[in-house]
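Welcome, and please take a moment to look over the sequence and the model before reading on. The paragraphs below are meant to be read with both of them in view.

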Amino acid sequence: NLSFAFGTEFRYETFEVIEGELASYDGGGADSFAGNSPDNSGKFTRYNFGGYASLNWNPSENLTLDGTIRSENYSDFGNAFVWKLSGAYTFNDKYTLRGSASTGFRAPTLHQIYTQKAQYSFVPGQGIQVGGLVNNVSSQAGLLGIDNLDAETSTNFTLGFGGKVNRNLSFTIDYYSINVEDRIVLGSEITGTAFDTDGNNIGTTPLDDILRDNNLSDLSFFSNAIDTKTSGLDVVLSYKGIELGEGKLGFNLSGNYTITNERDGAVKDIDLVANAGQSVVNATQEALFFTSRPKTKWILGTNFETGKWDFSLNNTYFGKTTFKQQGMSADLRTEFTPKVVTDLGINFNATDKITIALNVNNLLNVLPEWSFKAENAAGSAILADPAQVKNQSNLITFNQRYSQMTYDGYHFSQLGTMFNLSLNYQF
């Protein structure tokens with residue numbers, strides 16, 4: 001009734017930024033995104049040792065308890081220790097109550113720590129200026145007061161109930177809660193605080209002084225900027241084995257409802273940025289983190305098997321999403337209408353080894369639809385003026401070139417209908 005396991009791990013990682021040819025970066029190079037200069041190139045490594053131990057105990061036939069601990073030591077940022085406790089209780093041989101509590105961590109990648117990239121732009125009256133990504137171990141980072149990256153840590157809790165009501169009907173319902181501390185974020189572009197009519201930085205903060213002294217138009221960097229909390233429900237219902245003619249029909253419903261998905265506390269800006277009235281997390285990033293994915297999503301599927309044929313039809317409901325596109329008025333947001341996308345699958349088992357499959361994604365060619373929504377009275381005034389609405393629409397759709405999803409909203413959906421026909425042969 002008792003089992004014990006343990007193990008260890010050693011991992012060695014290498015990340016290399018290869019120096020470009022001289023012409024690709026000298027004097028800013030031939031392209032806005034210049035090649036990698038010697039200062040931005042190099043080979044970076046780290047290693048870590050890890051060890052774990054777990055204990056599994058069955059105090060009774062119906063009860064299972066598990067406990068696990070894990071410790072790791074990284075050469076570049078130190079120790080990490082996590083644990084997990086979980087249990088499951090089955091009653092009536094049909095229903096199971098389960099739960100877990102755990103901690104977790106994610107080390108910053110070598111890419112996040114060491115990537116540094118310059119972008120050059122020509123500013124009228126100022127000549128060529130440079131902006132881009134500053135890494136956390138550079139001299140520039142020290143000048144700005146940017147801290148070295150640390151690991152993300154999390155606290156997790158789950159509670160679930162599932163069962164098989166009869167030979168055809170089964171279900172699971174799970175609650176989850178995930179709190180992440182020191183989440184790593186690629187910050188928004190930090191710029192000067194004031195400009196004259198020629199675009200010159202005339203700000204008076206210490207940040208402005210550093211930008212001017214180093215001929216920088218803007219900069220961004222990775223940081224452990226925010227804490228987040230997420231919770232929700234996962235539901236799966238399945239009914240199968242319905243006899244229909246010479247075949248069998250089945251249904252399944254699965255979905256997620258997000259209860260909470262938000263920032264926990266203030267953004268952890270460095271003093272230089274905060275004192276200049278800016279932040280590494282802007283409204284667009286907030287939307288990407290928290291509102292650009294549906295609050296709820298459900299899939300209703302049907303499957304029918306008969307002889308050598310297998311048919312499936314899945315209808316996916318995507319709930320409402322909201323977004324704050326870069327460049328759009330802060331008094332507005334965009335809201336994407338809930339949609340149902342239908343996918344069809346047909347499999348024909350020609351022989352024991354040959355299968356022909358046809359899959360059609362977005363069978364009915366459902367496309368996204370969005371509209372502006374006002375955040376306040378100023379936003380309502382914009383929406384009341386067709387000329388201002390058109391101007392805002394042009395800003396976020398690249399003059400209507402991306403009218404279906406907007407310039408920054410490309411991640412919301414796959415456009416159009418996709419057909420996939422495949423022939424599979426098993427040796």
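What follows is a walk from the whole chain to some of its parts.

This is a predicted model, in which local features need pLDDT of at least 70 and side-chain atom pairs count only at pLDDT 80 or more, while totals for chains, interfaces and linings use all residues. Residues are numbered from 1 along each chain as its sequence is written, and side-chain values use heavy atoms, with hydrogens and water left out.

Let us begin with the whole protein chain. Its C-alpha atoms fill a box of roughly 80 × 60 × 50 Å, taken along the principal axes. The chain holds eight helices and 21 strands; these are DSSP runs numbered from the N terminus, with at least four residues of H or I for a helix and at least two of E for a strand. Of its 427 residues, 34% count as buried. Here buried means under 20% relative accessible area, exposed means over 50%, and partly exposed lies in between, with a 1.4 Å probe and protein chains only. The accessible surface of the chain comes to about 24,300 Å², and 55% of that belongs to carbon and sulfur atoms. Such areas come from the Shrake-Rupley method with a 1.4 Å probe, and for residues only the protein chains shown count as cover. How do contacts span the sequence? Among those between residues at least 6 apart, 64% join residues at least 24 apart, where contact means heavy atoms within 4.5 Å.

Now turn to the surface. Leu2, Phe4, Phe6, Leu55, Trp57 and Leu65 form a nonpolar patch there, with about 670 Å² of accessible area together. The elements that give two or more residues to this patch are β1 (2–17) and β2 (42–60), and the largest share, three residues, comes from β1. A patch is made of residues with over 30% relative accessible area and no salt bridge; like charges are joined within 9 Å, and nonpolar side chains (Val, Leu, Ile, Met, Phe, Trp, Tyr) within 5 Å. Phe4 lies in strand β1, and it counts as exposed because its relative accessibility is 56%.

For a contrasting spot, find Ser177 in strand β9 (residues 169–186). Is Ser177 buried or exposed? With a relative accessible area of 19%, it is buried. Leaving aside neighbours within four places in sequence, Ser177 is in contact with Thr155, Asn156, Phe157, Thr230 and Ser231.

Strands of a sheet pair through backbone hydrogen bonds, either parallel or antiparallel. Two strands count as paired if DSSP finds at least two bridges between them; β16 and β17 (residues 332–336) run antiparallel and are joined by three. Phe323 stands opposite Thr334 in β17.

Finally, consider charges. Side chains of opposite charge can pair when their charged atoms come close. The structure holds 18 salt bridges, each a side-chain nitrogen of Lys or Arg within 4 Å of a carboxyl oxygen of Asp or Glu. In one of them, Glu335 meets Lys320 (4.0 Å, N to O). Glu335 lies in β17 and Lys320 in the loop between β15 (309–318) and β16, so the pair ties together parts that are 15 residues apart in sequence. Glu335 counts as buried at 16% relative accessibility, whereas Lys320 is partly exposed at 46%. Another salt bridge joins Lys324 and Glu375, whose closest N and O atoms are 3.4 Å apart. This pair links distant parts of the chain, 51 residues apart: Lys324 is in the loop between β16 and β17, and Glu375 in the loop between β20 and α7 (377–383). Salt bridges that share partners also join Glu9, Arg11, Glu13, Arg46, Arg70, Glu72 and Asp76 into one network.
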